[in-house]
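Please keep the sequence and the model open alongside the text.

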Amino acid sequence: MERTLVFVKPDGVKRGLVGKILARFEEKGIKLVALRQLEMDAELCDKHYIEHVEQPFYPNLKAYILSGPIVAMVLEAEKVVSMVRLMVGATDAAEAAPGTLRGDFAISKSENIVHASDSVASANREIANFFE
């Protein structure tokens with residue numbers, strides 16, 4: 001079995017979409033292993049988005065992620081990383097296919113509802129950041 005980290009970003013939490021998002025994963029047969037609501041601090045945000053810290057878009061991303069609570073979850077299934085990435089959809093809401101989480105719920109590229117690990121290695125690192 002493989003595990004991945006997903007978190008509902010502040011816009012998704014504010015809009016009350018946590019249950020709908022979790023339900024999509026459970027309906028697919030993906031097992032929920034851990035769940036917690038938290039407010040990221042600057043240190044955790046920089047640690048999580050380490051590959052983006054030097055990018056020009058990062059200050060806006062950081063401000064957005066720190067703007068409210070997130071709901072982080074660990075999901076488990078065979079090939080869960082790739083399965084979840086397909087379910088999440090393209091980063092830009094305008095390019096996300098209908099039926100994906102971003103295609104159905106996101107309103108922009110910057111406020112795109114959910115984060116999902118992009119590889120098994122990233123998932124392992126990210127899970128350790130959010131769940132001890």
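**A loop residue and its contacts**

Leaving aside neighbours within four places in sequence, K109 is in contact (heavy atoms within 4.5 Å) with T91, D92 and A93. The model is a predicted one: local features need pLDDT of at least 70, side-chain atom pairs count only at pLDDT 80 or more, and totals for chains, interfaces and linings use all residues. Residues are numbered from 1 along each chain as its sequence is written, and side-chain values use heavy atoms, with hydrogens and water left out.

- K109 is found in the loop between α6 (101–105) and β4; helices (H or I, at least four residues) and strands (E, at least two) are DSSP runs, numbered from the N terminus.
- The relative accessible area of K109 is 54%, so K109 is exposed. The classes are buried (under 20% relative accessible area), exposed (over 50%) and partly exposed in between, with a 1.4 Å probe and protein chains only.
- K109 and A93 are 16 residues apart along the chain, and 5.4 Å separates their C-alpha atoms.

**Overall fold**

- The protein chain has seven helices and four strands.
- Their order from the N terminus on is β-α-α-β-α-α-β-α-α-β-α.
- The chain is as compact as a globular protein of 132 residues, because its radius of gyration is 14 Å, close to the 14 Å that the globule rule gives for that length. The radius is taken over C-alpha atoms, and the rule is 2.2 Å times the number of residues to the power 0.38.
- The C-alpha trace spans about 35 × 35 × 25 Å along its principal axes.
- Of the 132 residues in the protein chain, 46% are buried.
- Among contacts with a separation of 6 or more, 77% come from residues 24 or more positions apart.
- The chain exposes about 6,900 Å², of which carbon and sulfur atoms supply 51%; accessible areas come from the Shrake-Rupley method with a 1.4 Å probe, and for residues only the protein chains shown count as cover.

**The sheet**

- Four strands form an open sheet in the order β2-β3-β1-β4, with antiparallel pairing; two strands pair if DSSP finds at least two bridges between them.
- β2 and β4 stand at the edges with a single partner strand each, so one side of each is left without a neighbour in the sheet.
- Neighbouring strands of this sheet are turned by 20° against each other on average, direction ignored. Axes are lines fitted to C-alpha atoms, for helices over the stretch in contact, and angles run from 0 to 180 degrees between N-to-C directions.
- β2 and β3 are joined by seven bridges, and A34 stands opposite V74 in β3.
- Seven bridges also join β1 to β3, where V8 has V71 as its bridge partner.
- Three bridges join β1 to β4, and F7 stands opposite H115 in β4.
- β1 is largely enclosed by the rest of the structure, because five of its seven residues are buried.
- Helix α2 (residues 18–28) lies across β1, β2 and β3 and runs at about 5° to β3.

- In α4 (residues 58–65), the buried residues are Y58, L61, Y64 and I65.
- Seen down the axis of α4, these fall within an arc of 125°, so they line one face of the helix. The arc is that of the directions from the helix axis to the C-beta atoms.
- P59, N60 and A63 are exposed on the other side of α4, while its buried residues pack against β1, α1 (10–14) and α3.
- In α7 (residues 120–130), S122, A123, E126, I127, N129 and F130 are buried.
- They cover an arc of only 155° around the axis, which puts them on the same side of α7.
- The face of α7 turned away from that side carries the exposed residues A121 and A128.
- Cover for the buried residues of α7 includes β1 (2–8), β2 (31–38), α3, β3 (70–77), α5 (80–88) and β4 (114–116).

**A buried histidine**

- H48 lies in helix α3 (residues 42–48).
- H48 has a relative accessible area of 1% and is therefore buried.
- Not counting residues up to four places away in sequence, H48 touches L5, F7, H115, R125, E126, N129 and F130.
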